Amino acid sequence: MKKAIVIGCPGSGKTTFSLKLSKHTGLSLIHLDAIWHLPDKTHIPREEFDKRLEEFDLMDSWIIDGNYSRTVERRIQMSDTVFIFDLPVEICIDGAISRIGKERYDMPWIEKEIDPEFLKFIEEFPHTTLQKIYDLMDKYKDQKNFVVFKSRQEADQYIKDLEKTL
């Protein structure tokens, strides 16, 4: 594994897993939220975001944490390994709510409350975005290594198993 992406529903544990994976592999970690979001709660232009993605493709290795559905296929093409978090909606909502009021290294502000639109996105994720991710998995299954986690425990076990091989 030299280039890995971690995708899945917000609140599922992607960032926590990405941090552990980076620590154990030594691969640099890129948080898409930290690139997209600005401190004033706006975001960079799409063109600038896309340019940054193309710059990552020139790097030898990395882990990219984040969804951004519009660019997920491009990131799959750039990667050799794709980690997909497919957890129950209730767990993802709890995960998102648990971040409220906490400082995060991947966001330039502290969330004070859960945004109703964000909550709706999480609730609809399995029926909209996740299906598109699985469609891409089918499309690239012979070219990329896909790992699907149905629980945080499975993700933790992956890290434990990885520790044994290093």
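Modeller: The largest pocket has a volume of about 1300 Å³. This is a predicted model, where local features need pLDDT of at least 70 and side-chain atom pairs count only at pLDDT 80 or more, while totals for chains, interfaces and linings use all residues. Residues are numbered from 1 along each chain as its sequence is written, and side-chain values use heavy atoms, with hydrogens and water left out.

Biologist: How do I read a pocket, and which residues lie nearest the centre of the largest pocket?

Modeller: Rolling a probe the size of a water molecule over the atoms shows where empty space is left. On a 1 Å grid over the protein atoms alone, a pocket is an open set of points with protein on both sides within 12 Å along at least five of seven lines; a cavity is a set where a 1.4 Å probe fits but cannot get out, and lining residues have an atom within 4 Å of a point. Points join across faces, edges and corners, and volume is the space filled by probe spheres set on them. Here 47 residues line the largest pocket, with Pro10, Asp33, His37, Arg99 and Phe118 nearest its centre. Helices H1 (14-25) and H8 (152-165) are among the elements giving two or more residues to that lining, and H1 has the largest share, 5 residues.

Biologist: What about cavities: how many of 30 Å³ or more are there?

Modeller: The search of the whole structure finds 1. Cys9, Phe85, Asp86, Leu87, Phe125, Pro126 and Leu130 line the largest cavity.

Biologist: Which residues have the most contacts inside the largest nonpolar core?

Modeller: A nonpolar core is a set of buried Ala, Val, Leu, Ile, Met, Phe, Trp, Tyr and Cys residues joined through side-chain atoms within 4.5 Å; buried means under 20% relative accessible area, exposed over 50%, with a 1.4 Å probe and protein chains only. This core has 46 residues, and Phe17, Phe49, Phe56, Ile64, Ile76, Phe83 and Ile84 have the most contacts inside it. Helix H7 (residues 129-140) gives the largest share, 6 residues. Leaving out residues up to four places away in sequence, Phe83 touches (heavy atoms within 4.5 Å) Met1, Ala4, Ile5, Val6, Ile7, Phe17, Leu21, Val147, Phe149 and Tyr158.

Biologist: And Lys41: buried or exposed?

Modeller: Lys41 is exposed, at 53% relative accessible area. Though not a glycine, Lys41 has a positive phi of about 70 degrees. Tyr68, also not a glycine, has a positive phi of about 50 degrees, but Tyr68 is buried, at 19%.

Key
Helices (H or I, at least four residues) and strands (E, at least two) are DSSP runs, numbered from the N terminus.
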